[in-house]
Amino acid sequence: MQPNNALLKNTLQSVSAQTGITSPANPFIQPIRNSSQSRQHQQEIRCPAPPLKCKKTPYRTFDGSCNNLQNPSLGVAISPYGRLLTPNYSDGIHAPPVSVTGEDLPLARLVSLVAFGEADIPDPQFTLGNMQWGQVVTHDMSMQAGGTQSKKHKTRCCTDGGKIIEKNIAHPTCFPILVPPNDPAHSQTGRECMNFVRTLTDRSQKCPGNEQKLAEEQLTVVTHFMDMSLVYGNSRQQNSPLRSFRGGRMITEERNGAEWLPRSNNATSDCDVQSTTEVCYRAGDVRVNQNPGLTIFQTILLREHNRLADALAALNPHYDDELLFQEARKINIAQYQHITYYEWLPLMLGAENMLKNRLIYPVQGGRYVNDYDPTVDPRVLNSHATAAFRFFHSQIEGRLDLISEVRGMSGALRLSDWLNRPGILEVADNFDSLTRGMATQPEELTDSNFDTEIKHFLFRRSMAFGTDLRALDIQRNRDHALATYNDFREFCGIRRASTWEDFLDLIPSKKVEALRSLYRSPEDVDLTVGGALEVLVEGALAGPTFLCILTEQFYRTRAGDRFFFEREDPLVGFTSAQLNEIRKASVARLMCDNGNNITSVQTQAFRTVSANNPVLPCTQIPQLDIRQWQDLSYGREFTVTAQSFLENVYKKK
Ligand code: HEM
């Protein structure tokens with residue numbers, strides 16, 4: 001079956017027409033500050049040894065160790081993803097899956113072109129901020145080892161001219177995405193190959209536990225917990241260079257009256273900058289610069305930390321830097337977990353579904369929820385990170401609107417012009433205009449369409465075309481050898497299909513026809529593909545199979561986290577009065593408090609503006625009252641350290 005050329009031509013034309021939209025000239029003029037930081041970029045990927053001893057402390061470790069006291073390594077940075085089902089390697093250990101007939105699976109790029117559309121349909125209910133928060137949660141929870149994501153990978157599986165490098169001379173981790181003949185985009189430039197490097201595994205990195213030749217498990221290099229590791233880093237070594245060690249603050253750089261993320265000391269390797277003076281940032285996560293919306297949220301969350309640290313310092317001048325830092329971090333993470341579980345996830349997974357499956361509880365005020373269960377495995381599931389959660393790539397919009405305080409549109413950016421080039425945020429009013437844009441512009445409808453900007457132009461770096469995120473997702477599914485769509489249907493209690501017609505219970509007939517034209521058997525359909533073609537469950541933004549995986553993941557992420565913010569635990573929890581304040585947090589409040597000069601936003605910023613959700617002055621958006629953190633249990637004459645604070649916690653019990 002031939003891909004639909006006409007459709008692509010139309011969309012290509014409309015995208016190139018967008019190039020005319022405001023694309024501010026290269027504006028980045030700040031001198032580089034030399035620092036000895038951002039060592040995480042050269043970090044070697046080695047599985048850590050288990051911690052020798054876990055300390056009793058109210059605070060999380062940076063690397064996620066000692067969250068589970070019975071198994072202190074569970075969920076630590078640089079460890080394997082979890083699995084729900086046995087991997088589907090064709091050799092049982094390492095080789096990507098093939099068809100049940102023994103033949104190759106259809107090319108990932110062909111599947112992307114034939115099974116997925118690229119229609120531009122704005123979502124009537126949800127804003128671009130909804131999509132963007134999802135990427136924040138993603139980056140907090142996982143990052144496949146060895147991936148550079150936005151930066152050009154050092155391992156080349158294709159020549160720069162787009163030809164395949166022969167298997168016998170290519171790097172063993174190469175698994176290039178082959179471009180089908182007549183590809184509507186790449187046939188125009190003769191590209192035959194898109195780079196793809198396989199994820200590093202417990203076996204490739206010689207991690208303890210897989211000395212026998214067992215099936216490989218891919219490694220994720222960030223902590224599995226929802227702990228804002230993207231802001232604070234995934235180890236003490238990553239965290240230290242991000243801290244100012246004064247007043248509990250993280251390092252920021254002040255320019256033009258605003259606080260910005262600190263600059264990377266190697267802009268040319270960390271970003272796709274066009275000059276060495278162009279701004280490129282560093283943060284707890286190396287993906288920080290990937291796209292403007294992501295960098296905005298990273299900045300907002302960093303500014304929020306410093307805002308909280310300053311407020312705590314004013315309230316408790318006897319606290320030392322470490323205590324201020326850890327308390328601000330604890331509040332920041334709690335607010336973020338609250339927003340994620342009570343404001344964001346209900347839109348994605350459906351509030352009723354979440355209540356039913358104990359992902360949220362109908363609690364208010366300062367009431368605790370004591371559902372921590374040390375037997376729950378908190379690790380990020382491979383099927384979640386590699387298939388189900390990536391379905392929300394469908395929400396990405398290729399055009400970013402610049403919106404003024406009175407909610408007028410003053411311009412727009414083309415996404416592929418600004419990937420890995422964050423300096424655009426420091427130009428004029430762009431930071432606030434794009435933040436308001438995230439609260440105003442609709443995201444793309446969550447469906448089987450993926451924006452041309454990510455399907456044909458991703459990371460194009462001034463070239464005519466780039467790579468294809470949908471094809472990357474499909475190839476990654478095979479790299480990680482996820483069990484098939486049919487296997488996951490069965491796992492989720494849905495009838496296993498034995499004929500193509502059996503898929504009609506969840507997938508529209510046109511899409512089943514597309515699958516039939518691509519795959520040799522219903523048994524071959526990749527999870528990433530089948531799951532993304534299902535009709536959405538009422539009230540949620542995923543079909544039944546993905547909803548089952550996502551629900552399982554977010555149950556584990558809360559019930560398996562000893563530090564989850566709703567716990568009553570006197571050591572790691574909050575007082576009831578403090579919990580009541582945490583529950584006032586919202587993404588709207590974060591935008592109000594941490595924009596450069598944002599003075600109004602709607603209360604539910606993940607939802608589009610409407611009569612029920614009007615833009616309001618920030619003064620009307622509920623706000624946490626930091627006075628609940630005033631600590632009067634010490635005399636003011638001496639400095640309170642994290643250690644003496646802890647001793648006091650014990651004394652009180
Ligand atoms: C403009 C926005 C975004 C861009 C450009 C983007 C791009 C990418 C890229 C390039 C990868 C790695 C692909 C690979 O090599 O396998 C990736 C991985 C991923 N993305 Fe996105 N993404 C965006 C937004 C989102 C959103 C909104 C979500 C979910 C709500 C999401 C979820 C994921 C997940 C779960 C992964 C795998 C993470 C891991 O390594 O374990 N992304 N994305």
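Q: Which residue follows helix 13, and what is its phi?
A: Ala-481 follows helix 13, and its phi is positive, near 50 degrees. Bear in mind that this is a predicted model.

Q: What do the buried residues of helix 13 pack against?
A: They pack against helix 2 (108-115), strand 3 (177-178) and strand 4 (193-194). They also pack against helix 10, helix 12 (452-455) and helix 16 (527-533).

Q: Where does His-393 lie, and which residues does His-393 touch?
A: His-393 sits in the loop between helix 10 (382-388) and strand 8 (399-403). Leaving out residues up to four places away in sequence, it touches Phe-450, Ile-454, Leu-469 and Asp-473. Two of these names, Leu-469 and Asp-473, are also in the list of buried residues of helix 13.

Q: What UniProt annotation covers His-393?
A: The record is an unreviewed UniProt entry, and its annotation "binding site" covers His-393. Such annotations may be inferred rather than shown by experiment.

Q: How many residues surround the ligand, and which are the closest?
A: There are 23 residues around the ligand. The closest are Gly-134, Ser-142, Gln-144, Ala-385 and Phe-392.

Q: Which helix gives the most to the shell around the ligand?
A: Helix 3 does, with 4 residues. Helix 3 (128-141) and helix 13 (469-479) each supply at least two.

Q: What classes of residue make up the shell around the ligand?
A: The shell has 9 nonpolar, 12 polar and 2 charged residues. Gly counts as polar here.

Q: What is phi of Asn-182?
A: Phi is near 65 degrees, a positive value in a residue other than glycine.

Q: What makes Arg-461 buried or exposed?
A: Apply the cut-off of 12 or fewer for exposed. Arg-461 has 12 C-beta neighbours inside 10 Å, so Arg-461 counts as exposed. Arg-461 lies in the loop between helix 12 and helix 13. Its phi is near 45 degrees, again positive in a residue other than glycine.

Q: How do you know whether Leu-349 is buried or exposed?
A: Its count is 25 C-beta neighbours inside 10 Å. The buried cut-off is 20 or more. Leu-349 therefore counts as buried. Leu-349 is in helix 8 (residues 321-349).

Q: Which residues does Leu-349 touch, not counting those up to four places away in sequence?
A: Leu-349 touches Met-354, Ala-540, Leu-547, Leu-550, Thr-551 and Phe-554. Thr-551 is 202 residues apart from Leu-349 along the chain, yet their C-alpha atoms are separated by 7.1 Å.

Q: How do you know whether the radius of gyration of the protein chain agrees with a compact globule?
A: Compare the values. For 653 residues, a compact globule would have a radius near 26 Å. The protein chain has 24 Å, which agrees.

Q: What pLDDT do residues 1-43 have?
A: Their pLDDT stays under 50. The protein chain averages 91, and 91% of the residues score at least 70.

Definitions and conventions
Residues are numbered from 1 along each chain as its sequence is written. This is a predicted model: local features need pLDDT of at least 70, side-chain atom pairs count only at pLDDT 80 or more; totals for chains, interfaces and linings use all residues. A residue is near a molecule or strand if its C-beta atom, placed from the backbone, lies within 6 Å of it. Two residues are in contact if their C-beta atoms, placed from the backbone, lie within 7 Å. pLDDT is the predictor's confidence in each residue, from 0 to 100. The radius of gyration is taken over C-alpha atoms; the globule rule is 2.2 Å times the number of residues to the power 0.38.
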